[in-house]
Amino acid sequence: MPRDNNPKRENLLNLALDATERELEQSVNLQAGYNKTEKTWEVIIRYSTSLDQLRQEYPQITIVELLNGYAVATVPQQLIEAFTNRTEIEYIEKPKRLFFAVDQGIRASCIDSVHSSYLNLSGKGVLCGIADSGIDWRHPDFCNPDGTTRIAAIWDQTLVPDASRGMYPPAGYYQGVEFTRAQINAALKEPSQTVVIEEAPLSAQQQTEIQPSGGQYVRLTGDYSGHGTHVAGIMAGNGRASGGRYRGVAYESELIVVRLGVPREEGFPSTVELMTAVDYMIRKAREMNLPIALNLSFGNNYGSHSGTSLIETYLNSLSGYWKNVIAAGTGNEGTASVHTSGQVQPVENHPANTVQFIVSTYESFLSIQIWKSYSDEIDIQIVHPSGQTVGPIQRILGTQRFRMQQTEILLYYGEPSPYSVYQEIFIEFLPTASYVDSGVWEIRLAPRRIVNGAFDMWMPGGGILNRGTGFLYPVETTTLTIPSTAEKVISVAAYNSRTNQVADFSGRGYTRVTAQVKPDLAAPGVGIVSTVPGGGYGVKSGTSMATPFVAGSAALLMQWGECVIILPS
């Protein structure tokens, strides 16, 4: 693999390119974007000038151009260096894994009065865009009174296109299958008829969910987790299944839905899928000549949390394109013990800052990011639960490897990128056998030359770590997830509308740029009743539930802005 630590690539991508096949297989962070079978890397790029010449010279590289100079590229491993060194390419990042981040909430948000007052706002003439786990398109709340669908389009990114079966991705994209309003309406008229063909044999569970037709099993895209359906009901459900009781915010809007995910073995969505989803929904809105409010209830913990990653700058750039509003949840990491911070004192021979963290039993991987000012020179030591110590570790750019009993450590010293002035030190803990050594570990930070001294550390979020793994002395500030840290995105925290208290799990601000105040708003996110697959309703909590209140309210404001308001005399 390439071992050139090219500054046009982010640190994590450089480390991934330097990792062995075994290290890639063991690390959720490093393997994201890598196709082991085809030996290709999927990456996010910022580019300038046309990419036509690059396509002509390297037809093996697949590129999906997004709006405003961003793109997603699939690059064979042997062409990574040549691709990086192209003058058209400004910067490259690898994908990051994403995680999930009504009646009582409607009243608490004062939306009832907006629905029923002389304004009579309902979201009519505005699109609600939802990038999530899918939607139960048969649910009555997403159908009109005449039984036709309120959904303008569904893009299921998890499906594999197949032209022989009429399964095509949206124009301009290569992944997934798009379903039109006409296809959804056709499926609604005939309950046993669907438009997506699945290969048999299927699992017993799948066979109970579909009907055989002509010797083949067929199924229209759905929502097996229920997360997207719940979010969609809060933002735009019309309450038909409840006689209007559980009506959502923009209840007469049309919907565009993207089921995030990838048709690969790991099956989890990443920042690549999220960026293409946003790109698709905004393009679709412009095509339909309608304003759009977008709801993003996904996030991740990787990055400086300063609004400078490519997904954050991409969302910022879209704020001035067409008529759109983007709302993103701040995540549920407020009490997850995955963040800590501190200050290294600028005193020679000052005792090191010691950060302790616990690794629980049966932990198959762990990573820690340290973000600090590049001007600070800090010596790092890592202490194993047994007392074995590594360091002070040399401050050299690139990958370093250490073995501490049954745990291998990959450590990468990064350098500032064109989009960030901060330095990252990335530490990956991988088992040499089955699990990372459990117990209390330490990272010691000793001053050598200090200008600023502030540092932050993050572990992966989304609940993928075992219960008990986390920092011994966590800090709940700056626990909001990316991309809610983007400056021009509406960042939404959750509060309990019954007690009028911020939810303890809700991700908190500021961003790492302390002058940037986040979150922007808080909305009801505890015990929210909304639609679930199967035609009914259920209760969920999280910033994922708070965000659609804000995104739906933005749709109402956009409707108001598009109308001529006649005040009563």
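Which residues make a nonpolar surface patch of about 300 Å²? The legends below take up this patch and other close-up views of a predicted model.

Figure 1. Val440, Leu472 and Tyr473 make the patch, which covers about 300 Å². Val440 belongs to strand β25, which runs over residues 439-449. The relative accessibility of Val440 is 40%, so this residue counts as partly exposed.

**Figure 2. The largest nonpolar core.** The protein has 569 residues, of which 58% are buried, and its secondary structure consists of 13 helices and 32 strands. The largest nonpolar core holds 44 residues; Ile135, Trp137, Ile151, Ile154, Ile184, Met235 and Leu255 are the members that touch the most others. Elements that each supply at least two residues of this core include the strands β7 (127-132), β8 (151-156) and β28 (490-496), and the helices α8 (181-189), α10 (227-236) and α13 (543-562). Helix α13 gives the largest share, nine residues. Another core, of 43 residues, lies apart from this one, and among its members are Ala131, Trp155, Ile282 and Leu294.

**Figure 3. Helix α13.** This helix has 20 residues, and the distance from its first C-alpha to its last is 29 Å, close to the 28 Å expected at 1.5 Å a residue. Helix α13 is mostly covered, with 15 of its 20 residues buried.

**Figure 4. The surroundings of Met235.** Residues up to four places away in sequence are not counted here. Met235 touches Cys128, Gly129 and Ile130, as well as Gly248, Val249 and Ala250. Further contacts of Met235 are with Ala293, Asn295, Pro548, Ala551 and Gly552.

**Figure 5. Ser270 in a loop.** Ser270 is part of the loop between β13 and α11 (271-288). With a relative accessibility of 4%, Ser270 falls under the 20% limit and therefore counts as buried. Leaving aside neighbours within four places in sequence, Ser270 is in contact with Pro95, Lys96, Arg97 and Leu98. Gly299 is 29 residues from Ser270 along the chain, and the C-alpha atoms of the two are separated by 9.1 Å.

Figure 6. Side chains of opposite charge can pair when their charged atoms come close. The count for this protein comes to 24 salt bridges. In one of them, the side chains of Lys36 and Glu25 meet at 2.4 Å, N to O. Lys36 lies in the loop between β1 (34-35) and β2 (40-47), and Glu25 in helix α2 (residues 21-26), so the pair ties together parts that are eleven residues apart in sequence. Lys36 is partly exposed, at 45% relative accessibility, and Glu25 is partly exposed, at 47%.

**Figure 7. The salt bridge of Glu57 and Arg86.** These side chains meet at 2.8 Å, N to O. Glu57 lies in helix α4 (residues 52-57) and Arg86 in the loop between α5 (80-84) and β5 (89-93), so parts that are 29 residues apart in sequence are tied together by the pair. Glu57 is partly exposed, with 40% relative accessibility, whereas Arg86 is buried, with 13%.

**Figure 8. A network of salt bridges.** Salt bridges link Asp18, Arg22, Glu23, Arg401 and Glu408 in a network.

Methods
Residues numbered from 1 in each chain as written. Predicted model: local features only at pLDDT ≥ 70, side-chain atom pairs only at ≥ 80, totals over all residues. Heavy atoms only, no water. Core = buried A, V, L, I, M, F, W, Y, C linked by side-chain atoms within 4.5 Å. Buried < 20%, exposed > 50% of the residue type's maximum accessible area, 1.4 Å probe, protein only. Helix = DSSP H or I, 4+ residues; strand = E, 2+ residues; numbered from the N terminus. Contact = heavy atoms within 4.5 Å. Expected span 1.5 Å × (residues − 1). Patch = residues over 30% accessible without salt bridge, like charges linked within 9 Å, V, L, I, M, F, W, Y side chains within 5 Å. Areas by Shrake-Rupley, 256 points an atom, 1.4 Å probe, with all protein chains shown as cover. Salt bridge = Lys/Arg side-chain N within 4 Å of Asp/Glu carboxyl O.
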